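Reader: Before we go through this chain, could you set out the terms you rely on and then take my questions one at a time?

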Amino acid sequence: MEPTGFMMVKKELTVDRLVLVLDLVGTFVFALSGAMAAVQRRLDLFGVLVLSFAAATFGGIARDLLIGAVPPAAISNWRYLAVSLVAGIITFYWHPAINRLMNPVLIFDAAGLGLFAVAGTHKALSYGLNPVMAALLGMLTGIGGGMARDVLLTEIPVVLRAELYAVAALAGAAVVVGGNMLGLSFTMASIVGAALCFWLRFMAIRHGWQLPIARGLKQPAEETKSPYESKDDSVNIP
């Protein structure tokens with residue numbers, strides 16, 4: 001093999017490894033958010049593990065099915081199940097410690113959102129999708145787990161009613177797409193994209209940034225709260 005060909009293969013292996021790392025880290029933090037939401041709703045151990053796996057893998061499974069990457073990585077690779085179950089067990093037994101981390105659900109959710117958005121976008125690009133659809137699938141990868149978590153908890157998904165969520169994921173995905181079109185390093189584009197997504201989501205939570213909603217209707221008081229707020233666990237991000 002020519003040296004240039006060897007370098008191309010080595011680069012592809014490095015990028016694929018980075019995508020796997022991003023996917024697994026995103027799986028862990030999304031699993032924490034799902035497990036913490038389940039603990040706050042007083043589900044049993046099995047329920048906590050189900051929520052942790054659903055929140056961690058649903059977005060990736062939906063992405064893989066849409067691009068024809070079957071069976072989905074979350075099912076064919078044992079690491080995803082192992083990481084989500086470990087996160088669920090940690091949260092079940094040590095949730096008081098996790099609960100003291102500012103806002104457990106939303107902070108972990110924001111981190112997972114950024115990681116999944118950039119990893120999902122790159123995987124979509126690697127399967128030959130055009131930049132626009134790759135960015136949309138990156139967004140879907142980011143928001144899918146949170147939607148599954150909320151639906152299982154009989155809540156209106158955060159993505160449909162809360163502060164900037166899907167828009168933040170789309171912004172992070174757009175950075176990866178833009179970096180790919182400009183020939184920039186995937187590592188740098190991923191870091192910038194994930195950071196931008198996390199920053200937008202965090203600032204939206206802190207300052208209440210959100211898209212316009214229809215005027216003229218009075219919003220019920222109970223719908224203005226985060227689905228994970230309770231009398232004992234309120235959202236309080238300084």
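Author: One definition comes ahead of the questions: Ala, Val, Leu, Ile, Met, Phe, Trp, Tyr, Cys and Pro count as nonpolar, Asp, Glu, Lys and Arg as charged, and the others, Gly among them, as polar. The model discussed here is predicted.

Reader: Which pattern does the chain follow when read along the sequence?

Author: The chain holds nine helices and zero strands, and buried residues make up 47% of its 238 residues. Read along the sequence, the pattern is therefore written with helices throughout, given that helices and strands are taken as DSSP runs: α-α-α-α-α-α-α-α-α.

Reader: How many nonpolar, polar and charged residues does the lining of the largest cavity have?

Author: The count comes to one cavity of 30 Å³ or more, and the volume of the largest cavity is about 60 Å³. Its lining is formed by Asp23, Thr27, Ala56, Thr57, Gly60, Arg63, Asp64, Ala73, Ala74, Tyr80, Phe116 and Thr141. Sorted by class, this lining has five nonpolar, four polar and three charged residues.

Reader: Which helix gives the most to the lining of the largest cavity?

Author: Helix H1 (3-40), helix H2 (45-67) and helix H3 (73-76) each supply at least two residues of that lining. With five residues, the helix that gives the most is H2.

Reader: Which residues are linked with Arg63 in a network of salt bridges?

Author: Side chains of opposite charge can pair when their charged atoms come close. Aspartate 23 and arginine 63 meet in a salt bridge at 3.8 Å, N to O, and this pair links distant parts of the chain, with aspartate 23 in helix H1 and arginine 63 in helix H2, 40 residues apart. Arginine 63 also meets aspartate 64 in a salt bridge at 2.9 Å, N to O, and both of these residues are buried. The network that includes Arg63 links it with Asp23, Asp64 and Lys123.

Reader: Is arginine 149, the salt-bridge partner of aspartate 150, buried or exposed?

Author: The closest N and O atoms of aspartate 150 and arginine 149 are 3.1 Å apart, and aspartate 150 has a relative accessible area of 0%. Because arginine 149 has 1% relative accessibility, it counts as buried.

Reader: Which helix gives the most to the nonpolar patch on the surface?

Author: The patch is formed by Leu45, Val86, Ile89, Ile90, Tyr93 and Trp94, with about 550 Å² of accessible area together. Valine 86 counts as partly exposed because its relative accessibility is 44%. With five residues, the helix that gives the most to the patch is H4.

Methods: Residues numbered from 1 in each chain as written. Predicted model: local features only at pLDDT ≥ 70, side-chain atom pairs only at ≥ 80, totals over all residues. Heavy atoms only, no water. 1 Å grid on protein atoms, 1.4 Å probe; cavity = no way out; pocket = protein on both sides within 12 Å on 5 of 7 lines; lining within 4 Å. Points joined across faces, edges and corners; volume = space filled by probe spheres on them. Helix = DSSP H or I, 4+ residues; strand = E, 2+ residues; numbered from the N terminus. Patch = residues over 30% accessible without salt bridge, like charges linked within 9 Å, V, L, I, M, F, W, Y side chains within 5 Å. Areas by Shrake-Rupley, 256 points an atom, 1.4 Å probe, with all protein chains shown as cover. Salt bridge = Lys/Arg side-chain N within 4 Å of Asp/Glu carboxyl O. Buried < 20%, exposed > 50% of the residue type's maximum accessible area, 1.4 Å probe, protein only.
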